[in-house]
Amino acid sequence: MQLLHDTIQNIQGADKNSREQARKRIDILCKPPGSLGKLESIAVQLSGITGQLYPMIDKKVMIVCAADHGVCEEGVTPNPQEVTLFQTLNFPKGGTGVCAIASVTNTKVVTVDVGVKEDIPLNADVIIQKVKYGTGNIAQGPAMSREEAIQSIEVGIRVATDEITKGANLLGTGEMGIGNTTPSTAILAVLTGYDPIQITGFGAGVGQGGIAHKAAVIEKAIMLNQPNPNDIIDVLAKVGGLEIGAMAGIILAAASHRKPVVIDGFISTIAALIAYQIEPKVKDFIIASHASEEPGAKIAAELLGVEPMLHMNMRLGEGSGAALAFPLLDAACSMMKNMVTLEEATNLLAK
């Protein structure tokens with residue numbers, strides 16, 4: 001609990017002066033005002049985060065948090081839980097979707113076991129920070145205790161802080177956990193008051209009962225556990241997931257160390273909502289990558305107040321959309337560093 005408390009205390013908002021200076025420079029670059037659209041707003045945000053007119057993000061790290069979910073017992077997905085373990089071991093070998101994308105964006109992928117149901121071999125190149133062996137079945141009881149929820153957040157804080165200490169200046173949130181769109185949708189339903197059937201999606205596949213059954217399981221979990229929407233730790237503990245908590249911790253750590261963090265799709269956005277509920281100033285440091293195909297994703301992004309950059313019809317997770325968006329941040333930094341103002345261009349041509 002102390003680590004979480006100290007991290008929250010260290011979070012300050014964006015540097016308003018740096019944002020203003022960046023905006024002033026962008027407005028006099030040799031181009032029509034506003035003609036580079038979102039690239040301009042990204043550059044302003046990066047300057048506000050880093051306090052630098054010419055920000056640098058040359059050391060990118062995608063942190064993939066892995067955990068299992070007891071709610072899979074309810075048949076919400078046709079995918080066997082063993083896939084979580086299989087893919088967790090696959091990340092360090094470079095064989096997953098996010099790894100394929102990260103390989104062309106010069107991004108390091110770090111894999112963390114927050115709550116995989118099985119033991120991870122010590123030689124698997126996975127960071128072992130297991131809080132417990134998967135969550136409880138939320139249709140039968142709480143996902144975890146309040147203490148375990150806080151532990152999961154602190155896992156993300158520790159891992160992210162370690163990577164930042166090693167030099168990372170851009171983080172991304174990724175996850176692996178069969179069945180994790182179910183707790184993500186449950187969290188969103190609690191926070192918004194939406195009927196689960198309105199926001200429940202396909203995920204990585206639904207069981208024989210289809211979306212209606214998945215939504216009914218979510219509704220049952222909320223009715224049974226009675227999470228308090230005004231206490232986000234209670235919501236995470238009662239209907240959430242260990243990897244969701246860890247991603248929230250990554251975002252809190254990034255904000256604490258004044259580093260930009262790119263969130264992936266639906267599940268990452270739910271984690272960002274948790275971080276935002278804990279400390280609203282984290283929003284200044286969050287960059288939304290892509291608009292997930294999950295129906296709850298748009299609602300979650302609107303609730304957080306962010307607008308995804310990409311519309312690629314993706315719903316893989318793993319951090320794949322975040323890794324895909326990294327080059328856009330590179331382009332924003334290059335715009336600030338390499339584009340000239342009209343005055344600078346005139347001086348160059350006069351030489």
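Is Lys-238 buried or partly exposed? Lys-238 is partly exposed, with a relative accessible area of 22%; here buried means under 20% relative accessible area, exposed over 50%, and partly exposed in between (1.4 Å probe, protein chains only). Its salt-bridge partner is Asp-234, which is buried at 13%.

Before we go on, a word on the model: it is predicted, so local features need pLDDT of at least 70 and side-chain atom pairs count only at pLDDT 80 or more, while totals for chains, interfaces and linings use all residues. Residues are numbered from 1 along each chain as its sequence is written, and side-chain values use heavy atoms, with hydrogens and water left out.

**Salt bridges**

A salt bridge is a side-chain nitrogen of Lys or Arg within 4 Å of a carboxyl oxygen of Asp or Glu. By this rule there are 15 salt bridges, and the table shows three of them.

| Pair | Closest N and O atoms |
|---|---|
| Arg-25 and Glu-344 | 3.2 Å |
| Glu-148 and Lys-132 | 3.4 Å |
| Lys-238 and Asp-234 | 3.3 Å |

Let's start with Arg-25 and Glu-344, which form a salt bridge. Arg-25 sits in helix α2 (residues 16-27) and Glu-344 in helix α15 (residues 342-350), so this pair ties together parts that are 319 residues apart in sequence. Helices (H or I, at least four residues) and strands (E, at least two) are DSSP runs, numbered from the N terminus. Arg-25 is buried at 12% relative accessible area, whereas Glu-344 is partly exposed at 30%.

The second pair joins Glu-148 to Lys-132. Glu-148 belongs to helix α6 (residues 146-165) and Lys-132 to the loop between β3 (127-128) and α6, so the link spans parts that are 16 residues apart in sequence. Glu-148 is buried at 19%, and Lys-132 is partly exposed at 22%.

Lys-238 and Asp-234 both lie in helix α10 (residues 232-239), four residues apart, about one turn of the helix. Elsewhere, salt bridges that share partners join Arg-23, Asp-27, Lys-31 and Glu-40 into one network.

**Nonpolar cores**

A nonpolar core is a set of buried Ala, Val, Leu, Ile, Met, Phe, Trp, Tyr and Cys residues joined through side-chain atoms within 4.5 Å. The largest has 77 residues, and Ile-63, Leu-171 and Ile-286 have the most contacts inside it. Helix α11 (residues 242-256) gives the most to this core, with 11 residues. Apart from this core lies another of 37 residues, among them Ala-43, Cys-99, Met-176 and Met-309.

Leaving aside neighbours within four places in sequence, Leu-171 is in contact (heavy atoms within 4.5 Å) with residues including Val-61, Ile-63, Ile-250 and Phe-326.
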